[in-house]
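Here is a short report on a protein model. Look at the structure first, then read on.

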Amino acid sequence: MLKKIDVMNHGEKVLQGNEACAEAAIHAGCRFFAGYPITPSTEIIEYLSEALLLQEEGSFLQAEDEISAMCAVIGARWGGKKSMTATSGPGFTLKQEALGYAVETETPVVVVNVQRGGPATGQPTFSSQQDIYQAKYGSHGDYEMICLAPASVQEMYDFTVKAFNLAERFRTPVILLADEIVGHMREKIQIPEQIAVEEHTPVKHCDKPFGRNEKNIPYAVHFFEGHNLLVEGQLHDEKGRRIGHLADKSGVFVGNLIDKIRKNQGDLVDIDHEFLEDAEVAVIAYGTVARSAKRAVRIAREKGIKAGLIKINIVWPFPEEQLKELAATIRTVIVPEMNMGKYCLEIQRCLKQSNVISVPKLGGIIHQPTELLHIIENETGERGR
Amino acid sequence: MRRDIRIVGAGGHGVISAAIILAKVYGINESCNVSQTQSYGPEARGGACKAEVVVSDHDEIDYMKVEKADIFVAFNQLGYEQYKKQTKRDGVILVNSSLVTVDPEDAQKVYEIPASEIADTRFKPFAVNIVMLGALTKLLPKLQYQSTRDAIRGNFNQWAADMNLAAYDAGYHYIQNEYFLKKMA
């Protein structure tokens with residue numbers, strides 16, 4: 001249930017994206033953070049190492065490595081604290097085993113990945129969107145992931161709050177897929193006087209602590225509330241008993257992990273769009289690249305070109321039906337990404353009637369609006385007129 | 001109205017610190033929308049460093065980085081040469097003339113200040129960014145002398161604030177004397 005709470009230090013501020021994320025975590029009720037510092041996410045850890053300790057019942061752990069940080073936040077959530085960890089690509093890779101564990105144990109935690117260029121150590125101080133698939137498919141096994149892509153410092157704040165709320169509501173890890181640009185960028189933001197925070201009333205003394213509600217989402221249970229809880233990595237039934245050796249029950253359980261997201265996908269759509277009414281060409285983007293796209297589309301409109309913008313905020317689960325509806329009449333779709341062209345494949349699969357053009361970018365830098373504008377002009381035959 | 005500011009130099013010059021102070025002054029004191037970004041290598045010192053500040057009176061800032069700059073500030077030769085062409089035709093260039101030799105074709109729009117020399121001889125070498133910030137204050141719209149001073153004071157501890165405020169004044173008065181008062185006389 002969403003509950004309105006007052007925010008103490010609200011108002012206008014000039015903050016860095018990583019600071020806004022850390023501040024939002026505290027406002028959303030995060031009281032445990034574990035992490036292992038890594039550029040370009042380190043400011044989140046630095047900020048929370050002080051800010052959390054000023055909170056009643058707040059605690060902070062600088063872990064010995066990435067996977068232990070991930071494991072610690074899972075443990076903390078079962079202990080009753082909302083928890084978060086933050087990292088970048090190399091650390092995100094190392095967390096994957098425990099991330100799958102969070103999925104399987106249906107533990108609501110927030111994982112921030114401030115992406116940098118990869119593979120491997122890659123480009124510590126440069127940006128990328130190369131982890132877009134790892135965010136969805138990084139751990140082994142079948143599951144659905146919820147993943148948000150902020151494009152501004154304001155969205156770093158707003159989406160962090162939202163990530164906590166979605167994690168609690170769907171009892172699953174949620175990934176905030178930021179990138180170096182938005183993590184290190186400073187902007188003026190508005191911290192609201194009140195925010196809505198998902199608060200569960202824990203279920204007390206039930207005989208099926210891993211049972212599900214009518215939306216297929218498990219109950220909120222913690223340790224120390226009187227349940228007999230067995231929280232572990234093997235598939236389990238409603239009572240927490242191991243069922244890995246039972247094909248039918250195992251299939252149902254994994255199906256539930258997937259269905260609790262897929263069947264509620266309508267609640268997980270967050271798309272901004274502009275100028276779509278008469279658009280012949282549209283740019284579809286997520287994260288910071290959406291801001292280059294927005295500028296390019298606005299300049300195109302000033303020149304009389306019928307261009308539109310679709311900015312996807314919740315990138316996973318993929319908003320298939322909504323995108324089909326929004327882009328139904330659009331002839332050409334341009335998909336710029338700071339990677340080899342990955343999310344574009346999903347869009348091509350979804351928008352079969354449109355000409356979908358991938359605009360990949362490697363090397364750690366963002367597309368400039370003028371280069372996207374040139375592509376828009378080429379596709380609409382406006383160039384060189 | 002949107003203004004695109006680009007500052008380049010070497011790691012350790014304080015390029016990003018100067019940009020952060022600018023962003024805070026514009027965002028908080030002048031009630032503008034502001035986006036400040038940066039680009040640098042993994043080294044703590046040395047290596048190319050670039051910071052950008054986009055300021056807008058009212059409008060939302062869509063693209064948060066700078067393509068062509070309205071105001072281009074170069075702390076060293078390498079940065080000057082790399083980015084001077086990415087300045088608007090009617091743009092303004094400010095250079096640290098201790099380390100930058102200006103291309104004659106830019107002479108019309110360049111303001112020069114020997115900022116490293118001023119910082120090294122009168123303050124500390126690392127105050128070069130604040131000397132440049134003082135000079136920049138004279139060239140930027142809507143940037144108030146007093147509110148920038150307040151922001152500097154808020155950004156440093158007492159000792160560093162006093163030195164940086166003096167460095168700021170030195171930069172501010174240099175440009176005022178060399179370019180504005182002389183012209184009037």
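Strand β13 (residues 281-285) and strand β14 (residues 307-312) of chain A pair in the parallel sense, over five bridges. Ala282(A) has Gly308(A) in β14(A) as its bridge partner. Two strands count as paired if DSSP finds at least two bridges between them. Helices (H or I, at least four residues) and strands (E, at least two) are DSSP runs, numbered from the N terminus.

This is a predicted model: local features need pLDDT of at least 70, side-chain atom pairs count only at pLDDT 80 or more, and totals for chains, interfaces and linings use all residues. Residues are numbered from 1 along each chain as its sequence is written, chains are lettered from A and ligands numbered from 1 in the order in which they are written, and side-chain values use heavy atoms, leaving out hydrogens and water.

**The sheet in chain A**

β13(A) and β14(A) belong to an open sheet of five strands with mixed pairing, in the order β12-β14-β13-β16-β17. β12 (271-274) and β17 of chain A stand at the edges; each has a single partner strand, so one side of each lacks a neighbour in the sheet. Neighbouring strands are turned by 20° against each other on average, direction ignored.

β16 (residues 332-337) and β17 (residues 355-360) of chain A also pair in the parallel sense, over six bridges. Here Thr332(A) stands opposite Asn355(A). With helix α11 (residues 343-350) of chain A, β16(A) and β17(A) make a right-handed β-α-β unit. Right-handed means that, with the strands pointing away from the viewer, the path from the first strand over the helix to the second runs clockwise.

**Cysteines and a buried helix**

| Cys30(A) | Cys21(A) | 9.2 Å |

Cys30(A) is buried, at 0% relative accessible area. Cys350(A) is buried too, at 3%. Buried means under 20% relative accessible area, exposed over 50%, and partly exposed in between (1.4 Å probe, protein chains only).

Helix α1 (residues 17-27) of chain A has 10 of its 11 residues buried, so it is largely enclosed by the rest of the structure. Among them are Cys21(A) and His27(A). Gly29(A) follows α1(A), with a positive phi near 105°.

Key: Disulfide = S-S within 2.5 Å. Axes fitted to C-alpha atoms, helices over the stretch in contact; angles between N-to-C directions.
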